[in-house]
Amino acid sequence: RGNHTSANHNALVPPPRGGHTASVIDKYMWVFGGYGGQGYARRDFNDLYLLDLESFNWLPVPVIKGQPPRPRSNHTASVAENKIFFFGGWNAVERFNDLCVLDTELRTWAIIETLVDPRWGHTACSVEAIPYWKVFFFGGCTGNIENAKSVQGAFSNHVMVLDTGSSAFEVPPTAGNVPCPRSDTRFGYDVKHTRLVLFGGWANQWLDDVYVLDVGSVVGPPYAITGIYPTQGPITGGTELIIKGIDFVKDDKDPRIKVRFVSKRGGLVDVKAEFLNKETIKCISPNFDEVVTAPGAIDVDVRVAFKDDSFTTSSQRFTFITVAAADSCLAFGPGVIDGGCPNASITFVIHANDRTGTKRPTGGDEFEVVVREEASSFRISNVEVDDLDDGSYMVDYSVPQHGKYIVEINYRGAFRDETGQRYVTGKSGPIRGSPFTVAFDEGASKAANLMSGSLLKAHIQKRFQYVRKLVTAARVQLEKAINPTYGKELATDVGALLSVKEKL
């Protein structure tokens, strides 16, 4: 009779219960509260359990800082990004109106007292909105236990909205045929039509009715963005973007369309768009170079608004990729150092770096490589540049005889994206160190021309030795006291420091 479990019950597994909540974030399900226990026990819980949805193993709950909520059941839990918003509920002695926020990323509890009536047995649904998610609440039972006419309280048919950014509640105006007061009902969110659909409940009898609440005016417009092509472009802008969506509508009297690019690093830019059909608009990506100055590629969320509507709650990801700067690009390998073998293929690698010195993550950069004899300026024709599509370019060439050659590497200030579209973007000119003077030796081995050969290894060892000497010299100069009375020595010391600065 009743529920029976093994005597060696795993402490990670929650005891039997009901009236709890289960919330999924990423690959984990967080179970909180409820009432129950072993056998016929009736105990109120405020414990927290964590289930891995890939292995279906219960995991130890990490340490959560802050005061946890009081034990309760028949509350609601709503997920917004990395947070879970618990509201209301009751236990054997209390009815709750507090808002309890679990930040699963920071591992913290926050308890926020509210001015709304205590509520339990209600329903809740979180909806993505701009700039913060909204949580909608409906129905349930309300009242304080000391002045309620009955233990179950009074049925409610009020709608409340929580702004997760400010943690403030509001009661929005509603119109139309309002559902009767009830508890134990549920509603879900129809993303395409921005509406909540409610079904059933209990109001001293079981209900099987359906109601629809249009929340577009609260969370966003009645259209959505579903795709974007291409998915990346230069940070300097100029990419023609095709944006796909649902229910785009052209208004000839007010044809304004805005596309918003928002970075989580901060900063946003709006651009105008052109209507093509009810599923397609197009625009030109903006220059994001001065909006976000952090190095590396920048991911942004793209949203759409027609006329004076709010922006779509749905979004698409677009990546602004950094562009190369000639004086930041590097070349290394046997093809740009002395000691190579003539009449044999020799290689080197170009790294396309942006203005911060960060390697670009994609290919498409236009580099011009010219190899010529130093004495006669005779130009070598068999130069090949292979784009590795990761910001690296493998260059291969060979020279007909020993002697000195000039290797010129120029960035043309342009690249082509995945569609083949060409952009003039970065700073053009010779890359760092170009032109290189390279001596080929008559008796050199062909193996020296390889990236894994002895020539490059010896060169690297030599450069490391140089760096060690430089660091030692820098330490001596930095630790040396400068006496202002030494005019000549002061000039020498300052000159040495400036030399160190330039080398670094």
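**Sheet pairing and nonpolar cores**

In the predicted model, four strands form an open sheet in the order β28-β29-β33-β32, and their pairing is antiparallel. The edge positions are taken by β28 (330-332) and β32 (384-387); each has a single partner strand, so one side of each is left without a neighbour in the sheet. From one strand to the next, the twist averages 25 degrees. Strands of a sheet pair through backbone hydrogen bonds, in either a parallel or an antiparallel arrangement. For β32, the pairing with β33 (residues 392-397) is antiparallel and extends over 4 bridges. Within this pair of strands, Val385 lies opposite Val395 of β33.

The largest nonpolar core comprises 28 residues, of which Ile243, Val259, Phe261, Ile281, Phe288 and Val302 touch the most other members. At least two residues of this core are supplied by each of the strands β20 (224-229), β22 (240-246), β23 (257-263), β24 (268-277), β25 (280-284), β26 (298-306) and β27 (316-321). The largest share, 5 residues, is contributed by β26.

The surroundings of Val259 were examined with neighbours within four places in sequence left aside.

Key:
Residues numbered from 1 in each chain as written. Predicted model: local features only at pLDDT ≥ 70, side-chain atom pairs only at ≥ 80, totals over all residues. Heavy atoms only, no water. Pairing = 2+ DSSP bridges. Axes fitted to C-alpha atoms, helices over the stretch in contact; angles between N-to-C directions. Core = buried A, V, L, I, M, F, W, Y, C linked by side-chain atoms within 4.5 Å. Buried < 20%, exposed > 50% of the residue type's maximum accessible area, 1.4 Å probe, protein only. Contact = heavy atoms within 4.5 Å.
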